[in-house]
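Visitor: I am new here and would like a short tour. Could you take my questions one at a time?

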Amino acid sequence: MATMFGSGLSNQTGAAVGSLAFPVLGPLGVVAVRQYVAALVLVAVGRPRPRDFTWQQWWPVLLLAMVFGTMNLTLYTAIDRVGLGLAVTLEFLGPLAVALTAARRRLDAGCAVLAAAGVVVLMRPQPSTDYAGMALGLVAAGCWASYILLNRVVGRRIPGAQGPAAAACVSALTFLPVGIVVAVRHPPTAGAVLCAVAAGVLSSAVPYLADLLTLRRIPAQTFGLFMSVNPVLASVVGWVVLGQGLGAPEWAGIAAVVAANTLSIAARAG
């Protein structure tokens, strides 16, 4: 439990710290640095041998790389526009949708309605509503759902962690020219680079290694159940670190999404 909590807290703290570099690097620059850090960590762990991959193994890896980069870019841009708590809650709809799509029970249909109600509350029309930021959060959700499905394909076709490691390398190479352009147009400060690197370590390296250790000791359903706490952690971290306070309606929407996931997984485990 301590490892799972630490993993979630590290992930959300990394996103908050990374957002501190937005004024200098922008979300694009921060995501580029995060991709580099993620590639270094996953290559060290997975030790991929891409020369041995067949085309049947390569194509899902390439799709996974594209989804990996798009997911982080849309999430960080959404964080910049609507705040950490709301962005992570919207992104969390991705794995929830994957879980509910495969279900056939009335309870799961009720959970889907509850989650939808939470989203409606979060996206309710207001003069200050940033619909573009909300839309980016939903794109990140779609990317996370695709990430889960593609990881299953990659896991079946490529042994160990070689597939995700190769995908992270491809994604990092794709962002390499992006990082160069950002550095030329917006000369980075030492503090901004440090924040971006910290985001990569806290949001990629630490959660990945912690989750590997955790999944060896607890059932996947228990792990999925605990994942429900991430939107709450993101909201708290956004408030403490970034001063992004939320009103009662936002907390109600977040609670609805978290409750939908919790009920669905708990009932499935039972």
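Visitor: Is Leu-209 buried, partly exposed or exposed?
Guide: Happy to start there. This is a predicted model, where local features need pLDDT of at least 70 and side-chain atom pairs count only at pLDDT 80 or more, while totals for chains, interfaces and linings use all residues. Residues are numbered from 1 along each chain as its sequence is written, and side-chain values use heavy atoms, with hydrogens and water left out. Buried means under 20% relative accessible area, exposed over 50%, and partly exposed in between (1.4 Å probe, protein chains only), so at 38% Leu-209 is partly exposed.

Visitor: Which helix holds Leu-209?
Guide: Helices here are DSSP runs (H or I, at least four residues), numbered from the N terminus. The run covering residues 190-215 includes Leu-209, and its name is H9.

Visitor: Why does Ser-10 count as buried?
Guide: Ser-10 sits in helix H1, residues 2-19. Not counting residues up to four places away in sequence, Ser-10 touches Leu-202, Ser-203, Val-206 and Pro-207, where contact means heavy atoms within 4.5 Å. Ser-10 counts as buried because its relative accessibility is 9%.

Visitor: What is phi of Arg-47 near?
Guide: Arg-47 is found in the loop between helix H2 (22-46) and H3, and it is exposed, with a relative accessible area of 62%. Most residues other than glycine have a negative phi. Arg-47 has a positive value, near 45°.

Visitor: At what angle do helix H3 and helix H4 pack?
Guide: Helix H3 spans residues 55-82 and helix H4 residues 84-91, with their axes 7 Å apart. Axes are lines fitted to C-alpha atoms, for helices over the stretch in contact, and angles run from 0 to 180 degrees between N-to-C directions. The angle between H3 and H4 is about 145°.

Visitor: Which residues of H4 meet H3?
Guide: From H3, the residues taking part are Met-71, Leu-75, Ala-78, Ile-79 and Val-82. The contact as a whole divides into nine nonpolar, no polar and one charged residue. On the H4 side, the residues are Leu-84, Leu-86, Ala-87, Val-88 and Glu-91.

Visitor: How are the planes of Phe-22 and Tyr-76 arranged?
Guide: The structure holds four aromatic pairs; rings of Phe, Tyr and Trp (its six-membered ring) pair if their centres lie within 6.5 Å, with planes under 30 degrees apart counted as stacked, over 60 as edge-to-face and the rest as tilted. Phe-22 lies in helix H2 and Tyr-76 in helix H3, so this pair ties together parts that are 54 residues apart in sequence. The ring centres are 6.2 Å apart and the planes at 65°, so the pair is edge-to-face.

Visitor: Is Gly-238 buried or exposed?
Guide: Gly-238 has its place in helix H11, residues 230-242. Leaving aside neighbours within four places in sequence, Gly-238 is in contact with Leu-84, Gly-243 and Gln-244. At 0% relative accessibility, Gly-238 counts as buried.

Conventions
Helix = DSSP H or I, 4+ residues; strand = E, 2+ residues; numbered from the N terminus. Nonpolar A, V, L, I, M, F, W, Y, C, P; charged D, E, K, R; others polar.
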